[in-house]
Amino acid sequence: MSLNHVQRRIPVPISCEFFPTATEQGGENLAKVRRALAVFDCEYFSVTYGAGGSTQERTLKLVRRICEEDERPVMPHLTCISATYAELEALLDTYQSIGIKRLLALRGDVPPGSFYMGELDSAADLVQLVRKKWGDTAHIVVAAYPEKHPRAKTPHDDLEALKIKSEAGANEAVTQYFFNADAFLRFRDEACAMGIEIPLVPGIMPITNYRQLARFSDACGAELPRWIRKRLEAYEHDVEALQLFGTEVVASLCERLVKEGAPALHFYSMNRSQAILAIGRALSWID
Ligand code: FAD
C-alpha cells in the first residue's frame, strides 16, 4: 500500500511530541521511533524544553537532529520563565537560522531552586516577542487547559489567559491531555463564545503505564477518571491487558474528537511509537 493511500485514511493532521534524550543510545532509539511514526506522515514533530541549562541545550540538539534527519517540520517548545530577553532572542535567532518557523510559546514553571522570574511576564509576552522577531510567517502555538491549569483559580482564568495569548498573535493552541472529551468540547465552546478564534488542537496521551500516568496527571492537573483508574489498577501486573484497554480508551477518545470537529491531534509520544501505532491501527487509520 502506498503512503498516499495510507494518508487518505487519517482524517486529521497528526503531530507528535518528543523530549530530548540524555544519552547517545537514547538518541538512536528516538530516531527509530520517529521512523516508525513516519506512517502517520506527521504535520510536525515537537520537542519539549526543560527547566535546567543542560536540558535546554539538549532541546536545541534534538531540534537540529530532526531537521537534519527527517523531512519534517519541527516545533521547539520555549519557556520564558527565568530567562532574559537576550537569552530568548539568541535562541530565536538560532532557530530561525536553521529554518524553524513554528514554535510553542510557554510561560513555563520556575525551576526548583531558582528565584529568578525572568524578564518577560507571561506566555503572551513571549508570543509578542516571537511575532516581532519572526514576523507574519511564524506559526506560534500556545498551551491551553480544558481541565484547568493546577494553579489557575478558576477555569475562566484559563480561558482569559488563552484569549490574551491569541490576541497577542498566537495562531493555534495545543491542549494539556485529557480523557474526558466533554471537558475539551465545553472548553472549546466557551472559548468560541469569548471570541477566541484560533484552532484548539487536543493533546492526546496514550495509556501505557498506570503509575507514570497517575503521577503525571496529578502533577499537570489532567483528570484520570475513576473508571479508567480502577481498571488500570486491576491491570497493573498484566501489561498486555493494560495496553489493550489503553488503546481502546484512547482510540475511542480520538474518534469522538475527530467526529466533533477537532482540527488535528497532537500525541504526547513519551518517546515511544508502539502505543500511537496501536491507536492508529485500532481506528483503521494505518495497517
Ligand atoms: P500561561 O498561559 O501564562 O498560563 C496558563 C494558565 O495557568 C492560566 O490560567 C494562568 O492563570 C495559570 N497559571 C499559571 N501559573 C500560575 C500561577 N503561578 N498562579 C496562578 N495561575 C497560574 N513546560 C515546560 O517546562 N516545557 C515544555 O516543553 C512544556 N510543554 C508543554 C506543552 C503543552 C502542550 C502544554 C499544555 C504544557 C506544556 N508545558 C511545558 C507546561 C507549562 O509550561 C506549564 O503548564 C506552565 O505552568 C504554564 O505555562 P503557559 O504557557 O500555559 O502559561
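## Exercises: cavities, ligand and backbone

Met205, Pro206, Thr208, Asn209, Gln212, Leu213, Phe216 and Met270 line the largest cavity. A cavity here is a set of points, on a 1 Å grid over the protein atoms alone, where a 1.4 Å probe fits but cannot get out, and lining residues have an atom within 4 Å of a point. The model is predicted, so to speak of local features pLDDT must be at least 70, and side-chain atom pairs count only at pLDDT 80 or more, while totals for chains, interfaces and linings use all residues. Residues are numbered from 1 along each chain as its sequence is written, and side-chain values use heavy atoms, with hydrogens and water left out.

**Exercise 1.** Find how many cavities of 30 Å³ or more there are, and describe the lining of the largest cavity.

*Solution.* Start with the count: there are 2 cavities of 30 Å³ or more. Next, take the volume, which is the space filled by probe spheres set on the points, with grid points joined across faces, edges and corners. For the largest cavity this is about 60 Å³. Finally, sort its lining: 5 residues are nonpolar, 3 are polar and none are charged. In this sorting, Ala, Val, Leu, Ile, Met, Phe, Trp, Tyr, Cys and Pro are nonpolar, Asp, Glu, Lys and Arg are charged, and the others, Gly among them, are polar.

**Exercise 2.** Work out which side chains have polar atoms at the ligand, and which helix gives the most to the shell around the ligand.

*Solution.* First, look for pairs of N or O atoms within 3.5 Å. The side chain of Arg107 has an N or O atom 2.7 Å from a ligand nitrogen. His149 places a polar side-chain atom 2.7 Å from a ligand oxygen, and for Lys165 the distance to a ligand oxygen is 2.6 Å. Then turn to the helix: α6 gives the most to the shell, with 4 residues. Helices are DSSP runs (H or I, at least four residues), strands are runs of E of at least two, and both are numbered from the N terminus.

**Exercise 3.** Locate Ser284, and decide whether Ser284 is buried, partly exposed or exposed.

*Solution.* Begin with its place, in the segment after α11 (274–282). The phi of Ser284 is near 55°, a positive value in a residue other than glycine. Most residues other than glycine have a negative phi. Last, compare accessibility: buried means under 20% relative accessible area, exposed over 50%, partly exposed in between (1.4 Å probe, protein chains only). Ser284 has 46% relative accessibility, so Ser284 counts as partly exposed.

Note on methods:
A polar contact is a pair of N or O atoms within 3.5 Å; within protein, one must be able to donate a hydrogen and the other to accept it, and residues adjacent in sequence count only if both atoms are side-chain atoms. On a 1 Å grid over the protein atoms alone, a cavity is a set of points where a 1.4 Å probe fits but cannot get out, and a pocket is an open set with protein on both sides within 12 Å along at least five of seven lines; lining residues have an atom within 4 Å of a point.
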